[in-house]
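Open the structure in your viewer and keep the selection panel at hand. Each stop below gives a selection and then says what is there.

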Amino acid sequence: MFLMWFTERAYHYDPETEPEKYRELENAVLRQRSFFALPNEMMDPKHGGMLLNQYLDEKIYSEQLGFDGVMLNEHHATPFCMGAVMDVEAAVLAKTTEKLKIVLCGNPVPTVGNVLRLGEELAMIDMISGGRLVPGWVRGAGCEQLANNANPAHNRELFEEGIDVIVKSWTTPGPFRYEGKHFHYRVIDPWVLPIQKPHPPFWIPGLVSPDTVLWCAKKRYPYVALATQLAPTVEMWKLYTEQAAREGYQAGPENFGYLQPIFVHDNEERAIELGKRFMYGGAFAHFARPEWMFPPGYNSKEATRRLARLFANPNQPGKPIHQAHGDETDEEIEDIKRQIYVNYEQSRKDLQMIAGTPKTVIPQIRKVLEVLRPGIFSFWLDGPVGAADRKRCLELLGSEVMPAVREIGKELGLVGPFERAPGSVPLASGKTPAQVAQEDRLAAAFA
Amino acid sequence: MSVAERVREGGQTTVRVGEDELTIVRGGQGNPVLVLHDELGYPGWLNWNAELAAERELIVPLLPGFGRAPRIDWVFSWRDLIQVLARWLREQKLAPIDVIGFSFGGWLAAEMALADPKLFRRMVLVGPFGVKAPDGKGEIADIFAVPALKWLASTVKDYENLPEFAQLYGGGHETPEQFEAFDDARAECARLAWQPYMFNPSLPHHLGGLKGVPTAIVWGDQDQIVPRAAMEVYAKGIPGASLNVVAGSGHRPEVEKTDKFLDIVRKHFEKN
């Protein structure tokens, strides 16, 4: 198995040391119903800088703790994630660590404008790190298109052509010229190239988009599901496995990754309390308002039709066209918070948050592994939790949880992508593939 | 005008334009008037259409990709779309034709006239996009920042008290089908005019060359979508153009103040 960990690098305040600022930020997010586009006058660069350094220190420390890798991501215009240019963080880690894989899940290709430069950044990270980069590609959330003024109607074309240009720049001897539909370069001749050949492995994160899953299977890229509910994740992995069969290979654990929200502490109650903070501000439900998550043209026709059934409801009499935000009383905001946090217990039952001591979290992780059987497993640590508790969580993950998870992985045959190359096991044409995810373990997972 | 005297929409036809097709809605009788609809798509046969159609034939192309007609794959910007429309007008021998362009359609009309002044006899531009107001004097509202229904509501001064609002775009504003149609239309807006957003930085420099196409700009003084300063650029830039401000109306004076709107249109056509 390949074990890594992830954090959004959120801008937040510890409620135990700065309760007023903690509350003020959460209330502002809730008034706006969105982390995205929260006015940045609420951000103190010194405080943010302190946090960015803390997050980097955690990642450097995790090399000692036995993690195989650290995962970064990128978002813009939001306190949800300060990783506005994750390649900067990756570059720091390339120099300050020696063994950790630096996993980028992922660069939002359609939003970067100059994809050749992105290729150069990634090449430099791979060179400085001695060949430890694992790049990942994403289309970018809808709001990332708005934040970077990337045309959402061209999102998928920009994604596919952009990756194509980057890979060509890494693998075609330069200098050469490129005139495509969205990208045009007179001189492609980078004097920074990845050490890993023909190029670093690509891992693709996603939120159960069938289009992305199928694309990954065709390309033989591991698909990393981002904390999605178990049942739909199983469905997506079945889709991947069947497409893999059509491509002539048997998918295995090496083709799949899963991101698991978690909090571990020496004390069970403390762990559960700290895990609850993952839901701060409504968490992903308030990542951005729907109209920003799904700008026009961003989705496929099928996805738009699904959204249409979800959002258009002629049976709601008196539904206002304007949705008023911003003028709620403090009491109404507290009520919204109650509605958010009341779901915490259910999220634990659904294994969407695993919180506890090592002794109690290991069996819960086992349940997830028995259902999904991923070769890549990432612990997700988030919510406004102080540095000391975060550090202790990482230490417990490293010293107690990960050794147990590795044993479970051996028992279940969870081969990672550095043990067996994704897409390397041939499958004869017409033969029914063996499913990687075990759907029949779902009921037991929630028992 | 009585209900009986209003003329109904006459139906749709499809014509070939090169390798592509255009779907056209027609209604009424008399000298033809080209109608270029707004960025949310064809809003339907409204009261103003029914009244004007008693004296003029209205010809309304359903702009490809805007919710009621499929998009043309190779059309990559607004420049491509105006060429399709111009070719259609020439090949169907409709040019020179009077034109009324609304909002995004108004911008298209202005660009078509500049590209080929022989296309149009007279032009009415209603709250046209296409020009960025001078710094500090307002921006064209961002259609991508809000849900479609919020945009729709903001195009009129008071949607809750506007009887014809409920009829716009077929009336099923919140049906899944309309959600999809609005998404199509806004996606096409993104393809055609993402950046610069809904304007052509060069346009103000060209307006002075638009001679021989008498132009009326119409703008509601409660318009939240396009700023007055942009309308003034149009009106001052096009030789002989008039700026007609409709008091108490938002971005859709043809719906919000129909009588006043038709009065402006008729007088403009009669005077020129």
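**Before you start**

This is a predicted model: local features need pLDDT of at least 70, side-chain atom pairs count only at pLDDT 80 or more, and totals for chains, interfaces and linings use all residues. Residues are numbered from 1 along each chain as its sequence is written, chains are lettered from A in the order in which they are written, and side-chain values use heavy atoms, without hydrogens and water.

**Stop 1: the interface**

Color by chain. Select the residues of chain A that touch chain B: there are 27, in contact with 23 residues of chain B. Contact means heavy atoms within 4.5 Å. The size of an interface is often given as the accessible area lost when the parts come together. Here chain A and chain B bury about 2,400 Å² between them. Of that area, 62% is on carbon and sulfur atoms. Buried area is the accessible area (1.4 Å probe) that two parts lose on being put together, summed over both.

Now show the polar side. Seven residue pairs are in polar contact between chain A and chain B, both residues at pLDDT 80 or more. A polar contact is a pair of N or O atoms within 3.5 Å; within protein, one must be able to donate a hydrogen and the other to accept it, and residues adjacent in sequence count only if both atoms are side-chain atoms. Three salt bridges cross the interface of chain A and chain B. The rule asks for a side-chain nitrogen of Lys or Arg within 4 Å of a carboxyl oxygen of Asp or Glu. Select A:K301 and B:D184: their side chains form a salt bridge at 2.9 Å, N to O.

Which elements of chain A give two or more residues to the side that touches chain B? They are α5 (142-148), α10 (290-293) and α11 (301-311) of chain A. Helices (H or I, at least four residues) and strands (E, at least two) are DSSP runs, numbered from the N terminus. α11(A) gives the most, with seven residues. By type, this side of chain A has twelve nonpolar, nine polar and six charged residues. Ala, Val, Leu, Ile, Met, Phe, Trp, Tyr, Cys and Pro count as nonpolar, Asp, Glu, Lys and Arg as charged, and the others, Gly among them, as polar.

**Stop 2: the cores**

Select B:W48, B:W88, B:I100, B:F104, B:F120 and B:Y234. These have the most contacts inside the largest nonpolar core, which has 106 residues. Such a core is a set of buried Ala, Val, Leu, Ile, Met, Phe, Trp, Tyr and Cys residues joined through side-chain atoms within 4.5 Å. Buried means under 20% relative accessible area, exposed over 50%, and partly exposed in between (1.4 Å probe, protein chains only). Helix α2 (residues 78-91) of chain B gives the most to this core, with eight residues.

Center on B:F120. Beyond four places in sequence, its contacts include B:L34, B:L89, B:P96, B:M112 and B:V213.

Another core, of 88 residues, lies apart from the one above; A:L100, A:F159, A:F256 and A:M402 are among its members.

**Stop 3: helix α7 of chain A**

Select residues 210-219 of chain A. The buried residues of this helix are A:T212, A:V213, A:W215, A:C216 and A:A217. They pack against α6 (155-171), β9 (204-206), β10 (223-225) and α8 (230-247) of chain A. Just after α7(A), look at A:R220, with a positive phi of about 70 degrees.

**Stop 4: A:Q54**

Go to helix α2 (residues 45-65) of chain A, which holds A:Q54. Is A:Q54 buried or exposed? A:Q54 is buried, because its relative accessibility is 15%. Leaving aside neighbours within four places in sequence, A:Q54 is in contact with A:A387 and A:R390.

**Stop 5: salt bridges**

The structure holds 50 salt bridges over all chains. Take these:

- A:E26 and A:K337: the closest N and O atoms are 3.8 Å apart. A:E26 lies in helix α1 (residues 19-32) and A:K337 in helix α12 (residues 330-341) of chain A, so the pair ties together parts that are 311 residues apart in sequence. A:E26 is buried at 3% relative accessibility, and A:K337 is buried at 9%.
- A:E121 and A:R117: the side chains meet at 3.6 Å, N to O. They are four residues apart in helix α4 (residues 115-129) of chain A, so about one helical turn separates them. A:E121 is partly exposed at 26%, and A:R117 is exposed at 53%.
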